[in-house]
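Reader: Hi! Could you walk me through this one while I look at it?
Author: Happy to, ask away.

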Amino acid sequence: DVTIVDDLIAEVGSAEAGNLPLLQFACRTLWDGRDTTLRLLLRATYREMGGLAGALARHADHALTELSPDEHRTARQLLLQLVVGTTRRSVVRSQLLSGAGPGADTVLDRLLSARLLVQHSHGDSDAPIIEIAHESLVQTWSGLARWLDESREERRLLEDLQDAAKLWERRGRRTQDTWSEKDLTTARHRASQLGLIVTERIQAFFAASEQRYRAAR
């Protein structure tokens, strides 16, 4: 027969950075729901918690309840930057923080301590990289799914701005790769309407676009 341990091993899968914390959450939940008389872990508990992914999603909900309203909003900003479409993305820590509000550094550290996010280095670069602890959070965490649905237009605009700013940088910050006055005004207006906090890279792109049309005038 397949045991709970077999199921846990199958769900953990490859050796990703977030898999051991994920296993820890599941084991803690199984232990809390054990049969203390027979001293057994229960299959019913495993099904009720939704496996490893369900355990992590429940932990994520609990972690957010410990944040203040302002910290909660900042956590939302940080988490939304770490998702593209329906998959997680890796972001350099300094870049992630530049796109969030005041106190974001503290909130980020709390999300790391709660193991909802992981931080690691990539290749030869010393710059710390941040990503969501496990892909299952993007797929099964209802709170994050609601934020993603609510912020669809917001994220689409942010991705467009990021792509334009990256292209401008990659081509050597050429004037002809900045935006026209009309496009810049429209983007700034939409960003203001949506309460979007843009990164330093996008701010620099905006400034270069503004300089372009001022020079043309």
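Reader: Which residues of α5 are buried?
Author: The buried residues of α5 are T74, A75, R76, L78, L79, L80 and Q81. Buried here means under 20% relative accessible area, exposed means over 50%, and partly exposed lies in between, with a 1.4 Å probe and protein chains only. One thing to keep in mind is that this is a predicted model, in which local features need pLDDT of at least 70 and side-chain atom pairs count only at pLDDT 80 or more, while totals for chains, interfaces and linings use all residues. Residues are numbered from 1 along each chain as its sequence is written, and side-chain values use heavy atoms, with hydrogens and water left out.

Reader: Thanks! How many residues does α5 have, and what does it reach from its first C-alpha to its last?
Author: α5 has 13 residues and reaches 19 Å from its first C-alpha to its last, close to the 18 Å expected at 1.5 Å a residue. That expected span is 1.5 Å times one less than the number of residues in the helix.

Reader: And how many helices and strands does the protein have?
Author: The secondary structure comes to 12 helices and 5 strands. These are DSSP runs numbered from the N terminus, helices being H or I with at least four residues and strands being E with at least two. The C-alpha atoms fill a box of roughly 80 × 40 × 30 Å along the principal axes, and 42% of the 217 residues count as buried.

Reader: Switching to pockets, what volume does the largest pocket have?
Author: Its volume is about 250 Å³. A pocket, on a 1 Å grid over the protein atoms alone, is an open set of points where a 1.4 Å probe fits, with protein on both sides within 12 Å along at least five of seven lines; lining residues have an atom within 4 Å of a point. Grid points are joined across faces, edges and corners, and the volume is the space filled by probe spheres set on the points.

Reader: Which lining residues lie nearest the centre of the largest pocket?
Author: L80, Q81, R155, L158 and L196 do, out of 19 lining residues. Two of those names, L80 and Q81, are also among the buried residues of α5.

Reader: Which element gives the most to the lining of the largest pocket?
Author: α10 does, with 7 residues. α5 (69–81), β1 (83–84) and α10 (152–170) each supply at least two. The lining of the largest pocket divides into 7 nonpolar, 5 polar and 7 charged residues.

Reader: Nice. Which residues form an aromatic cluster?
Author: W168, W179 and F205 form one. The count of aromatic pairs comes to 3; rings of Phe, Tyr and Trp (its six-membered ring) pair if their centres lie within 6.5 Å.

Reader: What lies over the face of W31?
Author: R34 does, at 3.9 Å from the ring centre. The rule for a charge over a ring is that NZ of Lys or CZ of Arg is within 6 Å of the ring centre and within 35 degrees of the ring normal.

Reader: Now the backbone: where is R115, and what is its phi?
Author: R115 is found in the loop between α7 (104–113) and β4 (117–121), with phi near 65°, a positive value in a residue other than glycine. For context, most residues other than glycine have a negative phi. R173 has a positive phi too, near 55°, and lies in the loop between α10 and α11 (181–193).

Reader: Is R173 buried, exposed or partly exposed?
Author: R173 counts as partly exposed because its relative accessibility is 45%. R115, at 37%, also counts as partly exposed.

Reader: Last topic: where does R89 lie, and why does it count as buried or exposed?
Author: R89 lies in the loop between β2 (87–88) and β3 (91–92), and it is buried because its relative accessible area is 19%. The C-alpha atoms of R89 and E131 are separated by 6.2 Å, though the two are 42 residues apart along the chain.

Note on methods: Rings of Phe, Tyr and Trp (its six-membered ring) pair if their centres lie within 6.5 Å; planes under 30 degrees apart count as stacked, over 60 as edge-to-face and the rest as tilted. Ala, Val, Leu, Ile, Met, Phe, Trp, Tyr, Cys and Pro count as nonpolar, Asp, Glu, Lys and Arg as charged, and the others, Gly among them, as polar.
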